Amino acid sequence: MVTIKEMYDLEHTLAKEYLAQFTYPWEALSGLKSFIIGLGKSLDKEEYTEVSENVWVAKSATVAPTAYLGAPCIIGPSTEVRHCAFVRGSALVGANCVVGNSVELKNVILFDNVQTPHYNYVGDSILGFKSHMGAGSITSNVKSDKSLVVVHNGDENIETGLKKFGAMLGDFVEVGCNSVLNPGTVIGSHTNIYPLSFVRGVVPPNSIFKTGAIDGANVISKR
């Protein structure tokens, strides 16, 4: 369950047509910067304001004066970008999202209604509709040995060809506080990651994932 069709309802993102051309979601990461620039130039000027070069903010969005919006990025309608958020660039943030205090985004797609509210790092990742990152949870997007990221799906190893690849979260994924999503993590829709978990590889949809408090073993169960 790692394809775009299996993980996402594309009606909840401006990247619908862009994502539809790929099989796996991580294939969209490499061209994301160019896509956002092209999309931004086509946005309705009645709804969006280009506040600086290649930075478009919906007129109904709220952006704290202490937040940083790097180019290119798009901030969707009714989205809230809070105090000291750091949007480094290549970020497409959907409608009704929360980008919270001290949150950093880089090379990402956030579908509509995504919440990254407190102290999150989200890089080289895609977060599906109504997914939520608990306080302090992060995507780790580069392996310690700097080798290319491989997606481990049971006995199948999928070569991505990417050095930087954080996590792909399906729709309605809940990530608990202070969890780490290691490079190449793919989480199926409607899955709950318990707090303090260390996640790697593919987690099936409709699952509960937790790292054991005693022996550190990972446990996956159906919801």
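Is E11 buried or exposed? Hold that thought for a moment, everyone, and thanks for coming. One caution before the details: what we have here is a predicted model.

Now, back to E11. With a relative accessibility of 53%, this residue counts as exposed, because the cut-off for that class is over 50%. Its side chain meets that of K16 in a salt bridge, at 2.6 Å from N to O. K16 itself is partly exposed, at 36% relative accessible area.

That pair is one of 4 salt bridges in the structure. Let me show you two others. The side chains of R82 and E80 also form a salt bridge, and here the N to O distance is 3.3 Å. Both partners fall in the middle class: R82 is partly exposed with a relative accessible area of 28%, and E80 is partly exposed at 33%.

Then there is K106 with D124, where the closest N and O atoms are 2.5 Å apart.

Let's turn to the nonpolar side of things. The largest nonpolar core has 65 residues, and the members touching the most other members are L19 and W26. Take a look at W26 on the screen. Leaving aside residues up to four places away in sequence, W26 touches V2, V151, I158, T160, L162, F165, M168 and V186. As a general background point, nonpolar side chains in soluble globular proteins tend to be buried together.

That's my tour, and I'm happy to take questions!

Methods. Residues numbered from 1 in each chain as written. Predicted model: local features only at pLDDT ≥ 70, side-chain atom pairs only at ≥ 80, totals over all residues. Heavy atoms only, no water. Core = buried A, V, L, I, M, F, W, Y, C linked by side-chain atoms within 4.5 Å. Buried < 20%, exposed > 50% of the residue type's maximum accessible area, 1.4 Å probe, protein only. Contact = heavy atoms within 4.5 Å.
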